[in-house]
Amino acid sequence: MKDPDSYRSGVKPVWCPGCGDYSVLSALTNAMSALQLPPEQVALISGIGCSSRIPTYVNVYGFHGVHGRALPLATGLKLARPDLTVLAAGGDGDGFSIGGNHFLHACRRNVDMTYIIMDNEVYGMTKGQASPTTAPDWTGSDLTPAGTGLTAFQPLLLALVTGANFIARCFSGDPANLAEILVEAIRHPGFSVVQILSPCPTFRPEQRQWKNQVREIPDSATADFRSAARFLMEDDGLSVGRILYRTDRKPFALSKNRRGDISELDMEFVL
Amino acid sequence: MMTTNIQDRNSARLEGTGSSISVALAGSGGTGAISAATMLVDAAGKAQWYALMTRSVGAQIRGGETAALIRFSTDPVAGHGDDFQVLLAFDWQNLERFASEIPLSANSLVIGDLDHGAAPEVIAATGARYVGLPLKQLARTIPGGRPNMVGMGVVAGLIGLPLEPLYSVLENFFADKGDKILAVSKQTVAVGYEAAAALGDEYRLPPAHTPSSGKRWSISGNQATGLGALRGGIRFVAAYPITPATEVLEWMAGALPGVGGALVQVEDELAAINQIVGASYGGTPALTATAGPGLSLMIESLGLAVAAEVPLVVVDVMRGGPSTGIPAKSEQADLNIAIYGLHGDAPHLVLAPNSVTDCIFTTQWATHLSETLQAPAIVLSDQYLGQTKAVLDRPPDIVFPTRRELASEPADGRKYLRYADTPSGVSPMATPGMPGCQYTADGLEHDQSGAPSSRAEDHLAQMNKRARKLADHDYGDYWADLDGEGDLAIVTWGSSTGAVREAASRWRKEGGKVRVLSVRLLAPVQPEKFQQALAGVSRILVVEQSHGAQFYRYLRAYYDLPQQTRILHQPGPLPFRPHQICEQLSSWRAT
């Protein structure tokens with residue numbers, strides 16, 4: 001039996017005290033232990049940002065890439081190595097701003113991997129700027145002192161309409177529930193999206209109140225695509241703890257027909 | 001009299017490379033100029049000649065004006081000559097747009113369709129002899145016949161290409177169209193062939209050398225690049241279409257499954273480069289192909305591949321720039337971004353093929369080097385090489401034995417160090433699935449284990465390691481092609497090499513001595529080998545197709561050049577003509 005600690009690398013996280021990402025790390029190693037994944041068969045891929053540091057802290061194969069590109073990196077790996085369990089992880093800025101286009105196409109493409117988004121509605125690594133999920137009237141950043149004035153991104157609604165076939169939202173303050181959902185997401189064939197509300201006590205101290213504000217997603221929301229969409233359109237983003245939508249659309253994979261002789265290619269050019 | 005005149009000019013011009021005839025076929029979209037030219041090129045190959053064909057098109061997506069520029073030759077050819085002996089125009093629509101790419105002289109023959117009237121002023125002004133033929137009317141004598149088939153027959157008759165190989169190509173081309181269409185096409189070609197008899201025999205190419213050197217290949221530079229990549233071991237490709245690189249990707253999409261590989265079309269260039277980083281990290285040699293604007297978008301992640309030490313190949317089929325520039329025409333002006341574009345000190349490989357055949361070798365070698373040295377390689381092809389269809393001798397098979405150095409499972413208790421500071425600088429690479437070697441690949445500076453580190457010592461050690469593994473590698477003689485002797489040298493690279501070699505052969509025919517150095521490995525630089533190759537040289541002419549003399553400035557930065565160094569540089573899209581280079585050498589001798 002591999003216990004959760006055996007999935008830890010021992011490298012000390014750079015995260016601030018009280019960061020929600022610590023719980024995500026625990027939940028992830030608990031999920032891996034629950035699934036008894038051989039560490040060498042797992043790859044955890046990230047971009048840039050606080051949460052994107054997570055691969056270094058986990059004793060699996062990891063890749064800490066460049067800002068916004070976790071999903072294409074993970075996609076290339078999974079397509080070339082379908083035998084691996086591939087997880088992508090990162091934050092709201094990385095995933096929905098600089099990496100936004102990849103998010104849309106990852107949902108469409110439906111490669112069998114899991115995308116873990118630690119959403120704290122702020123860029124923490126660059127010290128407190130608005131992200132795509134930040135409310136338009138948040139004035140806590142010197143870069144947008146009057147607020148962004150922009151509609152906040154709704155990641156799960158977007159995931160739903162662009163074709164993701166497993167969608168869940170969790171709260172890092174409930175790591176047991178989070179680990180259960182991660183287990184389901186990793187097991188699910190196809191692209192699974194898990195948005196995790198993960199407070200940033202440094203730049204968004206008011207998020208400490210999330211623990212009093214979150215509520216469970218109602219049963220009625222999860223029945224089908226339409227009810228999930230209707231629920232997400234009306235939700236304030238603080239409903240958590242459930243798989244919102246799940247379908248069994250066939251995952252995208254590359255067919256590799258056969259291993260032929262390379263010299264056969266030459267024949268095409270012979271006159 | 002014109003007979004001997006043209007033949008003499010050609011044989012004089014091509015001493016050492018045999019005789020050649022250059023023919024342009026032009027017409028508005030749908031006239032079939034390109035398909036006629038394609039079949040003529042393949043037929044010439046079947047007749048044991050050599051040939052190459054470039055295409056010139058306007059800015060339209062489909063239709064519009066097109067020209068196929070062909071050079072038929074008794075010996076291998078690497079580029080166009082000084083001018084065209086024959087221009088056959090199915091009509092004159094917008095011909096002036098690429099008239100500058102079809103230089104004509106008083107010795108040239110221009111054939112037009114009588115239905116389309118006299119040649120436009122830009123053609124008439126060249127002084128070329130004009131002959132009108134009723135191409136359309138001749139085609140109508142065969143029910144279902146098309147003027148481009150007549151034109152094909154006219155060109156074949158003019159240059160002395162036998163009908164048999166042409167028929168054989170038609171049989172392949174119309175294989176699935178039915179016997180009737182094939183019979184009509186053969187008859188229509190025969191009509192054109194007969195019509196050519198009235199035009200004289202002064203444009204006939206001498207018969208092919210015998211005994212022949214075996215079966216010829218017909219291949220484009222972009223296909224050759226794809227083939228070289230597969231020979232080198234590439235098995236994963238991420239593709240985002242861009243002119244003129246798309247054909248590399250299209251050819252590989254068809255070829256990869258047969259060798260156990262795959263291609264995926266992705267959402268943008270950033271996805272393309274990052275998908276191949278992921279695939280290669282997983283152990284599958286991977287490639288993408290793009291052109292200048294796409295290369296710009298990929299640069300950040302090329303740096304990631306440098307830092308994380310992930311092998312991969314990016315083929316940049318250069319086109320006219322900056323920005324969207326002239327997408328369908330050639331230039332050698334991405335040299336600076338390929339060498340200097342990455343932020344930080346980021347040692348990587350930059351290579352350039354110098355002929356269509358060499359697209360195979362250079363891409364194969366680039367893959368080998370990238371895998372061996374765990375560093376990204378940029379291959380700088382260009383539109384001229386990539387979109388040239390060439391008839392050539394079967395390229396040799398080359399096998400590079402060494403591969404990516406893989407880690408073994410660490411002995412008990414010892415930690416696997418992905419970025420171990422080895423003497424060669426190459427660290428054993430583990431791929432996911434290997435027990436006990438879990439590590440995090442990182443673009444962030446790291447220590448030997450891969451853990452992020454901002455310590456000065458770790459940064460210096462990793463910088464040294466990444467530089468050393470490229471600098472200390474023995475690249476053998478492949479770093480450049482050198483031929484000739486003497487104290488005068490032409491130094492060039494990439495597609496300009498073809499015109500340079502032809503100019504050098506003329507120069508030698510006139511009793512001059514000249515060395516030609518075509519640099520294939522642009523980074524890392526090879527100053528010692530450069531000095532050896534040019535020992536005793538007192539004058540250098542640098543030839544490159546860029547407005548800013550990028551290659552010359554690169555040479556100035558890294559190599560010792562003699563006091564007497566000159567530059568012949570021009571932007572695209574016009575390729576160098578051999579006479580331009582000869583004129584430079586002559587003017588130098590005069591001073």
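**Close-up views of a predicted model**

Tyr478(B) is partly exposed, with a relative accessible area of 36%. We meet this residue again in the first view below; as you read on, keep in mind that the whole model is predicted.

**View 1. Phe400(B) and Tyr478(B) form an edge-to-face ring pair.** Over all chains, the structure holds 27 aromatic pairs. Is Phe400(B) buried or exposed? Phe400(B) has a relative accessible area of 14%, which is under 20%, so Phe400(B) counts as buried.

**View 2. Tyr416(B) and Tyr439(B) make another edge-to-face pair.** Here the ring centres lie 5.9 Å apart, with the planes at 75 degrees. Both residues belong to the loop between β14 and β15 of chain B, 23 residues apart. Tyr416(B) is buried at 8% relative accessibility, and Tyr439(B) is buried at 4%. Ring pairs also link these two into a cluster with Tyr61(A), Phe63(A), Tyr281(B) and Tyr419(B).

**View 3. Strand β13 of chain B is covered on both faces.** This strand spans residues 376–382, and seven of its seven residues are buried. Pro376(B), Ile378(B), Leu380(B) and Asp382(B) are on one side, with Ala377(B), Val379(B) and Ser381(B) on the other. Strand β11(B) runs parallel to β13(B), joined by seven bridges, and Met318(B) has Asp382(B) as its bridge partner. Three bridges join β12(B) to β13(B), also in parallel. Between β12(B) and β13(B) the chain passes through helix α13(B), giving a right-handed β-α-β crossover.

**View 4. Strand β5 of chain B pairs with β4(B) and with β6(B).** Nine of the 10 residues in β5(B) are buried. Five parallel bridges connect β4(B) to β5(B), with Phe84(B) opposite Leu104(B). Another parallel pairing, again of five bridges, joins β5(B) to β6(B); there Gly112(B) is partnered by Gly132(B).

**View 5. Asp119(A) is a buried residue without a salt bridge.** Which side chain of opposite charge is nearest to Asp119(A)? That is Arg169(A), 6.9 Å away. Asp119(A) lies in strand β4 of chain A, and its contacts include Asp92(A), Thr133(A), Gln195(A) and Trp210(A).

Note on methods: Residues are numbered from 1 along each chain as its sequence is written. Chains are lettered from A and ligands numbered from 1 in the order in which they are written. This is a predicted model: local features need pLDDT of at least 70, side-chain atom pairs count only at pLDDT 80 or more; totals for chains, interfaces and linings use all residues. Side-chain values use heavy atoms; hydrogens and water are left out. Buried means under 20% relative accessible area, exposed over 50%, partly exposed in between (1.4 Å probe, protein chains only). Helices (H or I, at least four residues) and strands (E, at least two) are DSSP runs, numbered from the N terminus. Two strands pair if DSSP finds at least two bridges between them. A crossover is right-handed if, with the strands pointing away from the viewer, the path from the first strand over the helix to the second runs clockwise. Lys and Arg count as positive and Asp and Glu as negative; His and the chain ends are not counted. A salt bridge is a side-chain nitrogen of Lys or Arg within 4 Å of a carboxyl oxygen of Asp or Glu. Contact means heavy atoms within 4.5 Å. Rings of Phe, Tyr and Trp (its six-membered ring) pair if their centres lie within 6.5 Å; planes under 30 degrees apart count as stacked, over 60 as edge-to-face and the rest as tilted. Lists of a residue's contacts leave out its neighbours within four places in sequence.
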